[in-house]
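Have the model open as you read.

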Amino acid sequence: MKALRYHRSAQRFALSRIASTLRTGSGAAYGPLDLEDIAELALPGADWVRISPILAGICGSDLVTMEGRSSRWFEPIVSFPFVPGHEVVAHDSNGVRVVLEPVLGCAARGISPTCLACAEGNLGRCERITFGHLRPGLQSGFCADTGGGWSTSMIAHKSQIHAVPETLTDKDAVMVEPAACATHAALSVGSLDGAVVAVIGSGTLGALTIGTLKMWNMPTHLIVGAKHPEQVAAARRLGATAVVGPNELVRAVRRTVGCLAVGDGSLERLAGGCDVVFDCVGSSVSITDALRIVKPGGRIVLIGMAGPTNLDLTPLWQREVTLSGAYAYGVEPFLGGRRTFDAAFELAERQQLGQYVTAAYSLEQHSDAISHAANAGRRGTMKVVFDMQDPRRRPSVPTPTVRTPTASKETSR
């Protein structure tokens with residue numbers, strides 16, 4: 001089988017970081033990622049199956065790793081060499097299309113009794129991700145024993161497998177996992193009825209957060225900061241009430257809530273502000289912007305994966321702001337305890353999310369694919385994927401066909 005494997009190499013990791021600093025997206029060409037012919041992984045037990053990826057997405061967490069920018073926090077909870085790729089639609093051994101739920105919780109690790117989080121269905125909070133009969137790995141795609149989607153074959157526990165409805169295309173299906181992440185985040189704050197909400201960033205994760213809010217938890221005002229034309233268009237299609245450039249967020253929120261501003265230049269922030277801010281970027285700049293526009297007593301939800309940052313968190317204390325993270329998925333109290341992945345399948349179908357998969361590469365083109373994904377916004381692309389079924393495929397970036405869901409399918413709470 002062919003697989004892209006990421007090795008433990010401090011020297012090549014450092015080279016990728018230097019290269020990506022000089023030019024965004026160039027780190028993968030120098031980092032410890034190699035295309036290899038390797039043996040298929042052994043099944044750890046009777047409850048495991050072998051699957052053959054069809055499409056596998058390139059996620060923001062993959063990019064920070066490939067670019068040498070990941071946090072050292074992850075070192076004890078991954079195992080090397082690992083095959084990246086956790087956004088996966090695949091065929092099982094019977095040819096049935098499946099989507100992978102990648103978190104490696106207690107069930108996958110053969111641990112009984114399970115931890116409390118897994119018992120409650122909140123796999124993203126599993127306490128045993130370095131234990132059991134698997135080597136450490138918070139998810140498939142970061143564990144040496146399971147493989148990942150950037151390959152022609154990987155293994156998965158039966159609890160991780162979801163059959164794909166015939167109504168979904170492969171492109172729709174590969175968006176289910178990131179849609180689950182966005183759904184979990186957007187529903188974590190409770191009802192937003194009457195609220196003023198901002199979403200910072202309208203790449204894949206930001207767009208999916210907007211789509212989730214529109215379907216299930218639409219606030220009175222949904223203000224989106226989007227940088228690139230396709231991201232602006234996607235935010236408007238998915239339901240934002242206002243879309244502005246990143247540098248216009250402070251003014252847009254101030255205009256909406258009618259509050260005063262304090263300070264000027266880099267110290268400018270609002271005296272009032274949004275009830276909730278979803279940060280779908282996860283950089284020092286975006287978190288600082290979120291702190292500038294959230295109201296006293298408001299809440300910031302960090303969805304974009306933050307690397308090491310140097311932040312002034314004084315406003316978190318002085319304004320009694322809640323800063324919370326949203327990772328992975330589980331069950332959603334806001335939807336009556338429904339599994340996040342079930343809701344994500346519905347989101348993928350109703351919003352026809354496959355339209356946002358606009359570039360595909362073979363494994364042999366991995367350096368170009370990762371560079372493209374790292375520069376997706378400026379290149380007019382939303383989601384970049386690896387296509388394992390046709391290795392001759394060359395990258396393409398077609399103009400997305402806009403398929404607007406019918407009014408009868410739009411729901412909100």
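Tyr 6 and Phe 82 are both buried. Keep in mind that this is a predicted model. Their rings count as stacked, because the centres sit 5.2 Å apart and the planes are at 25 degrees. The two come from distant parts of the chain, 76 residues apart: Tyr 6 belongs to strand β1 (residues 2-6), and Phe 82 to the loop between α2 (60-66) and β4 (88-91). Ring pairs also tie Tyr 6 and Phe 82 into a cluster with Phe 80 and Phe 142.

Next up is Tyr 329 with Phe 341, an edge-to-face pair. Tyr 329 sits in the loop between β15 (322-325) and β16 (331-332), while Phe 341 is in helix α11 (residues 340-350), 12 residues away. Tyr 329 is buried, at 1% relative accessible area, and Phe 341 counts as buried at 1% too. These two pairs are among six aromatic pairs in the model.

| Pair | Centre to centre | Angle of planes | Type |
|---|---|---|---|
| Tyr 6 and Phe 82 | 5.2 Å | 25 degrees | stacked |
| Tyr 329 and Phe 341 | 4.9 Å | 90 degrees | edge-to-face |

Tyr 329 turns up again in the lining of the largest cavity, along with residues including Arg 125, His 184 and Tyr 327. That cavity holds about 30 Å³, and its lining has two nonpolar, four polar and one charged residue.

What about the second largest pocket? Of its 17 lining residues, Leu 267, Arg 269, Arg 292, Asp 312 and Pro 315 lie nearest the centre. β12 (269-270), α9 (284-293) and α10 (314-318) each give at least two residues to that lining, which splits into seven nonpolar, five polar and five charged.

Definitions and conventions
Residues are numbered from 1 along each chain as its sequence is written. This is a predicted model: local features need pLDDT of at least 70, side-chain atom pairs count only at pLDDT 80 or more; totals for chains, interfaces and linings use all residues. Side-chain values use heavy atoms; hydrogens and water are left out. On a 1 Å grid over the protein atoms alone, a cavity is a set of points where a 1.4 Å probe fits but cannot get out, and a pocket is an open set with protein on both sides within 12 Å along at least five of seven lines; lining residues have an atom within 4 Å of a point. Grid points are joined across faces, edges and corners, and a volume is the space filled by probe spheres set on the points. Ala, Val, Leu, Ile, Met, Phe, Trp, Tyr, Cys and Pro count as nonpolar, Asp, Glu, Lys and Arg as charged, and the others, Gly among them, as polar. Helices (H or I, at least four residues) and strands (E, at least two) are DSSP runs, numbered from the N terminus. Rings of Phe, Tyr and Trp (its six-membered ring) pair if their centres lie within 6.5 Å; planes under 30 degrees apart count as stacked, over 60 as edge-to-face and the rest as tilted. Buried means under 20% relative accessible area, exposed over 50%, partly exposed in between (1.4 Å probe, protein chains only).
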